[in-house]
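Biologist: I would like to go through this model and ask how each label was reached. Please set the values against the cut-offs.

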Amino acid sequence: MQSFEPTAQQRAVIEHRGSHLLVLAGPGTGKTETLARRFASLAVDDGVDPSAILVLTFSRRAAEQMLERVVLRLRERTGKELAVSELFVRTFHSFCARLLDGDGPRFRERNLLTPVKERLLWKRVAARTPLRSFDEDVRTSPAFAADALNLIAQLKGYGLSPADLARAGESDVRLADIAALYRALDEDRRRLELSDFRDLVQDALEELAKPQSPAARWLRERGGFAHILVDEFQDSDKLQLRLLEVLAGPARLRKPPAPEICFVGDFNQSIYRFRGASPENIGIARQVFRCEQLTLSTNRRSAQAILDVANRTPKMDPASLTQAENLALAGSVRLLRTASPDAEVAQVRSTVAQMLLEGTAAREIAILLRVSEPYTSAIVSELDQAGIPVAARPAAGFLEDAAVSAVLATLRTLADPSDEALWTRLLTNPLVGYRAISVRMAFDRARRDGERSPLRALQALPPEGIRPFAEFLAAWRRVERIASTAGIASVVVAAARELDVLRAIRDDSSPPGWDARSSPLRLDALLEAAQDLESSARALGDGRIEAARFVADIEEIAGLLDDPAQVPPPEAEGVRVMSIHAAKGLEFDAVIVPQAIDGVLPQRGRGHALLSLSSERALRRLAPSLFAGDDEAFTEECSLWYVALTRARRHVVVSAARADRDDIELPLSPFASPLGAGEAAHPLPLLQPSEAWPADGARQIQARSALTYDVDHLSPSLVETFLTCPRRFFYQEVLRLEPERDPETTLMGTMLHVALAQFHDAHRDFTVTTVPAELQARWRADLTASMNDAVESVARRHGLPVESNFIRYLRAIGHQYMDKYLRWLVVESGAAPFEVLACEIRLEAQIGGVRFRGRADRVDRLAGGGLAIRDYKSGKARPATVTTIRDVLERRGRGETVAGTLPRGLNVQTLLYIPGAQAAFGERVVRVEYLYFRGADKRPQEIATDSVLIARSDADARADALTDGEVERAQIEIAAAVARDLAAGRLTAFATASDGETCRFCDFVSACPGALAVAP
């Protein structure tokens, strides 16, 4: 471990005696090392028994690092190994557990209230507690549980009991409900002898208040502590401050005090108020303990170029700002702007790749995020595809891990052994190891033979895999026998053992989805969750946890296990992708900070999810600093920016997209604005002209050849592709190039179409002008089920894990779209009743001598007469089709070429379906309509509709209508003209879209020289 010569400031802290001390220590100033040396100085120079020195930290990782440093410095000073009965370098919580042990057996096993146990306890409490201000569907939701439990934890940390909250809620029904839940939860916890970390501190305080309690007697008999060292004091809460006051005793102000307390903290790095931290404790301790104050301001970590930017962060306490020790150390902070979030993710990958090429180790690069999802998954996926190693957090990617998936697939199949899809998922898991095609062949043959049992089908035609299917079947039977009688934890162990999911360790292999460091840890976490559920259910009298119940709750359980502040194991190789909160206390050669967008970093203040403004005001009267006010919340956002920058030793790259995926401009973070925006480099290698080429004037340009494209028929979508960008049509249809974009970019649109087709197979009649509540409920349930089916179907079709964060994210968006669609259905059926005739219907028509063939999303019959063709759009609303069609027709009339120069919002596709729909259903089309599920800028929460009425003649024309004549002109002059131009051989070039925005979503960006270029 690297040693150093203490600075004058550090030496002052190490040698200070005679009073309580407050040390304001900024990042990179060696707080841990300085406290370790102070400990050694007290023990060696002053002869203090090391067991009489208490060191308190706020995380297990910090305690382990501090203990390592303390032991090392004591060994250096004494020249021998430490020999003491007990060394007190602990977290607040583990020290309180030790206090409660008193003289009894040390390290007795405590029944800790883990997140899984707490959630099971909460469900029972929420179900039986009468509530007046929360509906039934709210009280059973995981979000309500998370918000309520977090609030209760904050109340505990502030030192407020259920009775305190009940008094505050005497005139506020919402606070009264929270108080009732808090009281019931606390009663059950005490009855079952469960304790969470805050309970340990509260219980220790209660025991120390009793002179004859084991805790008080033990502390008294050992003479208390001579010195207390507290690290990261800005992260303390009210209870922890109270504990220090109790440990200091009534004589805390005598000279010299005993114990003498050294507080080390940095107000500028206070980022845990959401967990109950009270950064104001720094000022309170300074007054209550009458501390002398010292400062550590020499930064031995970061280059001054980084500190110059960090120190300009608003709201920072100047007393804790730092300056680099080596002013000559090179460093940089750069801001890169990209066109879109997707481009930003690609730019992050390119930046990491460049750093690796320049010699920076992967483990020395950190990507720090203010909001984890979906950015974390997108960035990790991008790095994975580029072959860049990523250090995994054990709980992150929990459900995607092959070992966990294998066990969960076993449990699901045990619960429903007749489900062919479950057997397929289990057997084709990379660790179970059966070939997908051989599994499918077994089931295909069984269907032909009329065999309905999946297991018998597999026995009849055993699939090929890493071991004979007979061996797997014997193992499966053993798991079945255990599952019939044993608890869920035993079943998890049996499944892991019998399926041999850890064989990759034995074989030293790397199957897909397996991580040698993280997979065993994730499997342990799954087993611990099962054990927690089992022990809690037993204590609560709930009986045995069945496999079906366990897997039904697994997504909620996974969410409880995945702490966003968790960091990769220190020994893990690879780039660190984590939250800014998780990076606190760490350092790297280079840091990348994406999402530098106002509203993300800093986030804007929001009220508490469960409390009304009046409830918050009532609670503030009882606990003034429990919640951050707007100014305090902004200060904490400033601290997050400051912490992110000061993790870096040499280089910081900040990035921000200019617009979101709907082309809405994104405002740059005020933190990043002073940096000055550099444009991001293209994320893919650019082709450079050959140096052998002669000067431009001397080049011989080959004459272009005329191009033809044989047209048997055109689809309406290809017409729009050509009109939007002929060059894209050239790459896609003439050269048949493979698209560069991943198919994931279009998944949401596919899922939307599949879900609505399934829904309307069952629901066709929407002629009820007033939709009763029960019918709405049925529609909502069926829409949700259809979207769930669509998500799973499309995900499997593309080989994507259904439980992955990306698919879960798409599922959540899909559910939002279904909610919007339900509201649209209710309004539309009342205003313009209709009947659904067909979904995803193939239509064909001859227009201007050209055959057009395509698939319409939906054709409806309106109650008022006539047909409506409706088209689903998963994007944001565009300008009105009527106006755009007329503008293009006017330009065509002037002889202008419109392909590649179209205004945004041309929707000619649906007009081409009109003749086919009229022929198929024998009625006139009177409306075509586009449903934009992203909504419009001012109303993103609702579906935006672009409705085009089809009028018979000019006499019926109106602003939102096209006449039959205009429709026919659009079909012939815009669409059919495309086919004629392609077939006639008149084209010598394919123009590129002049609208640069079109290029952002193109599949062929790297092949294209850019807007306004032409291709031969």
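Biologist: Which residues does alanine 184 touch, not counting residues up to four places away in sequence?

Modeller: Alanine 184 touches Val125, Arg128 and Thr129, where contact means heavy atoms within 4.5 Å. This is a predicted model, in which local features need pLDDT of at least 70 and side-chain atom pairs count only at pLDDT 80 or more, while totals for chains, interfaces and linings use all residues. Residues are numbered from 1 along each chain as its sequence is written, and side-chain values use heavy atoms, with hydrogens and water left out.

Biologist: Where does alanine 184 lie, and what makes alanine 184 buried?

Modeller: Alanine 184 lies in helix α9, residues 173-191; helices (H or I, at least four residues) and strands (E, at least two) are DSSP runs numbered from the N terminus. Buried means under 20% relative accessible area, exposed over 50% and partly exposed in between, with a 1.4 Å probe and protein chains only. The relative accessible area of alanine 184 is 8%, so alanine 184 is buried. The C-alpha atoms of alanine 184 and arginine 124 are separated by 9.7 Å, although the two are 60 residues apart along the chain.

Biologist: How confident is the predictor, and what is the mean pLDDT of the protein?

Modeller: The mean pLDDT is 80, and 80% of the residues reach 70 or more; pLDDT is the predictor's confidence in each residue, from 0 to 100. Over residues 679-712 the value is below 50, and this stretch has 46 contacts in the model beyond near neighbours in sequence. Residues 1011-1016 also stay under 50, with 25 contacts beyond four places in sequence. Where pLDDT is low, the predicted coordinates should not be read in detail.

Biologist: How do you know how many disulfides there are?

Modeller: A disulfide is a pair of cysteine sulfur atoms within 2.5 Å. By this rule the count is zero. Cysteine 262 is in no disulfide, and the nearest cysteine sulfur, that of cysteine 291, is 8.8 Å away. Seen from cysteine 291, the closest cysteine sulfur is in cysteine 262, at 8.8 Å, so the distance is too far for a bond.

Biologist: Are cysteine 262 and cysteine 291 buried or exposed?

Modeller: Cysteine 262 has a relative accessible area of 1%, so cysteine 262 is buried. Cysteine 291 is at 13% and therefore counts as buried.

Biologist: Why are α15 and α16 called oblique to each other?

Modeller: Helix α15 (residues 341-357) and helix α16 (residues 375-385) pack at an angle of about 50°, with axes 9 Å apart. Axes are lines fitted to C-alpha atoms, for helices over the stretch in contact, and angles run from 0 to 180 degrees between N-to-C directions. Angles under 35 degrees count as roughly parallel, over 145 as roughly antiparallel, 65 to 115 as roughly perpendicular and the rest as oblique. α15 and α16 are therefore oblique. Among the residues that make the contact are Val345 and Val348 of α15 and Ile379 and Leu383 of α16.

Biologist: What makes α4 and α12 oblique?

Modeller: Helix α4 (residues 92-101) packs against α12 at about 45°, with the axes 12 Å apart, so these two are also oblique. The contact includes Phe95 and Leu99 of α4 and Leu243 and Leu247 of α12.

Biologist: What is the handedness of each crossing?

Modeller: A crossing is left-handed if the near helix is turned anticlockwise from the far one by less than a right angle, and right-handed if clockwise. α15 passes α16 in a right-handed crossing, whereas α4 passes α12 in a left-handed one.

Biologist: Where do glutamate 232 and arginine 290 lie, and are they buried or exposed?

Modeller: Glutamate 232 is in the loop between β4 (227-230) and α12, with a positive phi near 50°. At 18% relative accessibility, glutamate 232 counts as buried. Arginine 290 lies in the loop between α13 (281-288) and β6 (292-296) and has a positive phi of about 50° although it is not a glycine. At 57%, arginine 290 counts as exposed.

Biologist: Which peptide bond to proline 256 is cis?

Modeller: The bond from lysine 255 to proline 256 is cis, with omega near -10°. Proline 256 is in the loop between α12 (238-248) and β5 (260-265). A cis bond also joins alanine 258 and proline 259, with omega about 5°.
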